[in-house]
Amino acid sequence: MNKLNHTKYRILKDILARNVMLGLTIFSLLLAVIIGIGLYIKSAPILHDHSLWSLISSSSWRPFKGEFGFLPFIMGTLWVTLIAIVIALPLCLLSGIYLSEYAHPFVKRIVDPMIDILAGIPPVVYGVWGALVVVPFIGDVVAPHFVEYSSGYSVLSGGIVLAIMIIPLIISILTEIFAAIPKELRDASLSVGATKWQTIKFVIIRKSTPGIIAAVVLAISRAFGETIAVLMVCGNISQVPHSVFDSGYPLPALIANNYGEMMSLPLYDSALMLAALILFVIILIFNTISRIVLVRIERRFAL
Amino acid sequence: MKTMKYPTEENYYDEVLTIVNDKNKKTMPSSNSNAPHISVRNLNVYIQRNHILKNINLDIPNKSITCIIGPSGCGKTTLLKTFNRLLERSNEIKITGEVLVDGENIHDPHIDITHIRKKMGLLSQRPCPLPMSIYDNIAYGPKIHGTRNRKQLDAIVEKYLNAAGLWDEVKDRLHAPANRLSIGQQQRLCLARGLAVEPEVILGDEATSALDPISSKKIEELFVQLKEEYSIALVTHTLRQAQRIADYIVFMYLGEVVEAGPAAEVFNNPKEKLTREYLSGYFS
Amino acid sequence: MRRAEELFFKTLMILATIVILGSLMMILFAVVKRGLPAMNWDMITKIPSGGFYIGKEGGLLNAIAGSLFIVIGSTFLGLLISIPIVIYINIYLPPKSFLADLTRLSSDVLFGIPSIVYGAFGFTLMVYFGLKTSLLGGIIAVALLITPILIRSMDEVARIIPKDLKDAALSLGATRFEIIKVILKQISPGITTAILLSVGRAIGDAASVLFTAGYTDNIPTSLSEPAATLPLAIFFQLSSPIPEVQDRAYAAALILTFIVLVLSLAARYYSRKFSKNKI
């Protein structure tokens, strides 16, 4: 009798634990939804006063007059992201192919941890480097060849710093994709007499195109959301940039920079939370799509 | 008749064209038809310090089917991969001894490795179509080696899809992705792809083991047809297949060649006790 | 011709790799060059006196302590959430379960959500509950940030636990709850790696603590007080016109970089034997 009770107690404990764990798992699934709802509730007041379209298409940002045009910030974000991807992608493709197809294991043993370190460096340190090295370099060395004046605090500086920041992410995904390509496929190409480079060019790159696109989309969403580093080098002037040497003011920087004052003006906090919501939704969509693509690739290749 | 041992790239394709234009002509450039096509002399292969192939001496005869049999793990596949030097892509491989193809040592450091691989069409265990259309799969090799002319490529694609018995099945959808084909069709496509670079030798690594019986019968029939023009070396661990199609048998055990000779002789009257035991199913 | 092309691209590839490694070197060099002269014993033993924007005297102890508290608190909270989830999807759910895959996908996606969004969300929560910027707020926001990392890197190890091990334990008559101990022991290297990775992320992140933990010159003594952090110490003090204050920013950058460097090398060392690390 006693023994039976004991067994019952054990099973009860098991079921209890199971339910707690299930609850936590569901909570983690709902977290994205909760974040979305939370941000939406906070940004509802401004959406009540202005239409979403008028907010994102207007370039007039005068919080004290109640004008909240997001266009400069959206353009700023797009500029730095575009520059970052244009710089990072070719470097990553070349380096990723080198590391996974050509590099001697000894080279990989040295380079891989260094890429890890690059991935681990905090954004604020990238920002310090950007302000110390990249900004003066752009302002004093590069810009004078092209424009009359640039302080160096520009979307180009932001793009360069951001490019270095997203490189480890892209490389690690690329090397994983290349490693997932079956050996037989390489053998098939090599055995008709193709060189290694031809095999890479015609077979490996083609086979990994969906993965490369997914990696780029992930990198874009990382770049969209990066805050502190770009905040430190972009200049933060609310204007639509017209050249790479103009200052820009990306969305996340806007949120981070104004948190102090945002409680003092009506709708200001609501506008900033809307900015966060816009970022969140775009990144959520991008991330979900590219992760699904990547998971599919992993499954399909793992024969 | 034109016989050339090592065609250069330029006249090689002229020759392909004449072959394409004149199907009755003897197709393959090759050496004296009685000499062994591949000769292996004192070959030793170590992978991560494990002695995988031990002092292999072996001839793959010209224009016939040689089946390499033996229990799994005996080094059959490793041996096959040393023939077209696909093995050394992995780390920590050490190879000593010689593999002579047409009297030329393929491990000679001065040799162009792609030239060696072009001579050998590989058919792997699992069909592995390249991520492109049916047409491009066949045209891939010739394009790599410099054929750009569309008409030439069309002719090559048709010729080798025919040779693999696939033309009638796919001629209406040449530009569909190759991975839409059934697995048996894919394997014949891979065979056609290998043939399209005009190899002299076909290497098959358990090429029918992933296929259904009907598809593997088709592949076997193709091999029998193809031995008129090519030397064929097949790794197989289905004894029945070897009995059906082999002209010569090589029996390997634990990295060594135990017995080699004409198929009838090895099957009916094996010299070694080990061979006898393997053939009668004592171990597999 | 095709040799020349291959050589050309191979050269480009090596150059690209050198550029990437060169940027790392440049970053480390810049931080060390400015940070090392600014380092002294006071930096790590004293708090700033007279305000962080203008105070010439004092060090970074407030930020070091604040970062430490936040990292410890958020890692603890994160483990509390993530370990049960990892256990659940790997032991309770059958292999190839949709819910498990969905959870993995969702933590991959949450991993990509920028820290500023977590910060903003944390802030809205705090407004809702009437909290001010505080250590607790910082801990919650950072815990949200690192939980996906914890889940994913522990899950990678938990996934490859041999089924036999589970079966062996279960066949002794244990309930699933009772084999958790065995499983935890089995994935302990994964837990170590996960902690190292998430501590690296937690200690370096500025945007999530900006709204939630605030900033102060003092060492917090309770969960409801605001807390300074190293990244924000860099961010705020760099904008000061006073060189001594800027020096504090550079010293903080050096400390932070050093910590992160050690953490990522240690994580690599632990994870190398078990799996490729995804972060």
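These legends cover close-up views of a predicted model. Local features need pLDDT of at least 70 and side-chain atom pairs count only at pLDDT 80 or more, while totals for chains, interfaces and linings use all residues. Residues are numbered from 1 along each chain as its sequence is written, with chains lettered from A and ligands numbered from 1 in the order in which they are written.

**View 1. Chain A meets chain C.** On chain A, 75 residues are in contact with 71 residues of chain C (contact: C-beta atoms, placed from the backbone, within 7 Å). Helix 1 (residues 2-49) of chain A gives the largest share of the chain A side, 19 residues (helices are DSSP runs of H or I, at least four residues; strands are runs of E, at least two; both are numbered from the N terminus). The chain A side has 51 nonpolar, 13 polar and 11 charged residues (nonpolar: Ala, Val, Leu, Ile, Met, Phe, Trp, Tyr, Cys and Pro; charged: Asp, Glu, Lys and Arg; polar: the others, Gly among them).

**View 2. Two domains of chain C.** Domain 1 spans 2-38 and domain 2 spans 42-272 (bounds from an automatic or database domain assignment). Their centres, taken over C-alpha atoms, are 30 Å apart. Seven residues of domain 1 are in contact with six of domain 2. The domain 1 side has five nonpolar, one polar and one charged residues.

**View 3. An open sheet in chain B.** Four strands run in the order 2-1-4-5, with antiparallel pairing (strands pair if DSSP finds at least two bridges between them). Strand 2 (50-60) and strand 5 (104-105) stand at the edges with a single partner strand each, so one side of each lacks a neighbour in the sheet.

**View 4. Strands 4 and 5 of chain B.** Strand 4 (residues 93-101) pairs with strand 5 in the antiparallel sense over two bridges. B:V101 stands opposite B:E104 in strand 5.

Definitions and conventions: Contact = placed C-beta atoms within 7 Å.
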